[in-house]
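I opened the model to go through its side-chain pairings and a few backbone details. These are my notes, in the order I looked things up.

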Amino acid sequence: MLAFSAVNDLPTLPHDVLASIPSPSVSSFSLGPLTIHFYALCILAGIVIAIVLTNHRLTKRGVEEWQVLDIATLAVPMAIIGARIYHVITHYTDYFGPGRNPWNPFEPGSVWAIWEGGIAIFGSLIGGTLGALIMCRRLNIKLTALLDAIAPGLILAQACGRFGNWFNQELFGQPTTLPWGLEIDPHNPAFPPGLPVDTLFHPTFLYEVIWNSLGALVLLWLGRHLFFQWGRLFGMYLVWYGAGRIVWESIRLDPSFVVLGLRTNVWAAIGAVALGVLIIGVQRLRHPEPEESPFVNDRKPEAETAD
């Protein structure tokens, strides 16, 4: 049975902490007629980091330098589209219903307004993997080799993206008196009603930044071992990221659909862990040998000749 979670009867907490983390007072700036959102810049920075690191890891295995850009031309747009679609579907009451503006991109709150926040990593993984699969087939590159190469950069990109939540003052956790509590503008629509204006909240964005950054180091280290080939490093990425996301999602306050007592993204994170374990186990049985080449049939595609 589905139910819609809400924040009710939150405790009133004394603001007696020794320190806190301030939130940025602005989330965008103007550049001529354009409005540049820090959220978008954080996502772009993550994409650049992921591409550069993936390129380095693929070229070490014999793939042509910067061929990852060819893959990114389809995988990145499909990842963003998938991320937005997943978010809108799992938060459809934020976009559809009386008083909502689902379709007009020139008014706040439309399904197109990705610059206002609202993308989901699980949707981006589905869309991005589909785009990568299409391009890998065209370029004769094994999808498993690409996924293993991208895993450390991907989790670093997610760490960068979480700073966008900080700028937008969104997706924070439950009230806390810990010294690293996050300050939220009491006029922010996401601020829970009924709490003192100086209430602090768990900085879930920071927790995920630290967890993902540590995960990138772990994946880079594991990637040096032959066992973590044939997609198994990507499986480890799913396990690491999903395990952390289970915790962060469990303490977040933003509304979400609840299934059997758990938020939908908690179920998605559990699914990511299970899928990662399954990938590692299945690929261990199917491919106990080292992945000698990143190319399908171990054959590098011939360079195209001009007419």
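**Salt bridges.** I started with Arg252. Arg252 forms a salt bridge with Asp254, with the closest N and O atoms 2.9 Å apart. I checked burial next: both Arg252 and Asp254 are buried. This is a predicted model, so I read side-chain atom pairs only at pLDDT 80 or more.

I noted the background: an α-helix has 3.6 residues a turn, so residues three or four places apart point the same way. Glu249 and Arg245 are both buried.

I then turned to Arg263. Arg263 lies in strand β8. Is Arg263 buried or exposed? Its relative accessibility is 10%, which is under the 20% cut-off, so Arg263 counts as buried. I listed its contacts, leaving aside neighbours within four places in sequence. They are Glu249, Arg252, Asp254, Ser256, Phe257 and Val258.

Glu208 is buried at 2% relative accessibility. Arg162 is buried too, with a relative accessible area of 12%.

**Aromatic rings.** I searched the whole structure and got 18 aromatic pairs. Phe29 and Phe38 form one of them, 5.4 Å centre to centre with 50° between the planes. Why is this pair called tilted? Planes under 30 degrees apart count as stacked and those over 60 as edge-to-face, so 50° falls in the remaining class. Phe29 is partly exposed, with a relative accessible area of 34%.

Trp166 is partly exposed at 22% relative accessible area. Which residues do ring pairs join into a cluster with Phe29 and Trp166? The cluster holds Phe29, Phe38, Phe163, Trp166, Phe167 and Phe205.

Arg232 lies over the face of Phe227, 4.7 Å from the ring centre.

**Helix α7.** I checked the span of α7, residues 264-286. The helix has 23 residues and reaches 32 Å from first C-alpha to last. That is close to the 33 Å expected at 1.5 Å a residue. Its buried residues are Thr264, Asn265, Val266, Ala268, Ala269, Ala272, Gly276, Ile280 and Gln283. What do they pack against? I listed helices α2 (68-90), α3 (121-139), α4 and α6, plus strands β7 (257-259) and β8 (262-263).

I looked for positive phi values. Most residues other than glycine have a negative phi. Gln169 has phi near 55° and is not a glycine. Leu171 is not a glycine either, and its phi is about 60°. Gln169 sits in the loop between α4 and β4 (175-176). Leu171 is found in the loop between α4 and β4 as well. Gln169 is buried, with a relative accessible area of 12%. Leu171 counts as partly exposed at 23%.

I finished with the strands. An open sheet of 3 strands runs in the order β4-β6-β5, with antiparallel pairing. β4 and β5 (182-183) stand at the edges with a single partner strand each, so one side of each has no neighbour in the sheet. I counted the link between β5 and β6 (residues 200-201): 2 bridges join them. Glu183 has Leu200 in β6 as its bridge partner.

Notes:
Residues numbered from 1 in each chain as written. Predicted model: local features only at pLDDT ≥ 70, side-chain atom pairs only at ≥ 80, totals over all residues. Heavy atoms only, no water. Phe/Tyr/Trp six-rings, centres within 6.5 Å; stacked < 30°, edge-to-face > 60°. Buried < 20%, exposed > 50% of the residue type's maximum accessible area, 1.4 Å probe, protein only. Lys NZ or Arg CZ within 6 Å of the ring centre and 35° of its normal. Salt bridge = Lys/Arg side-chain N within 4 Å of Asp/Glu carboxyl O. Helix = DSSP H or I, 4+ residues; strand = E, 2+ residues; numbered from the N terminus. Expected span 1.5 Å × (residues − 1). Contact = heavy atoms within 4.5 Å. Pairing = 2+ DSSP bridges.
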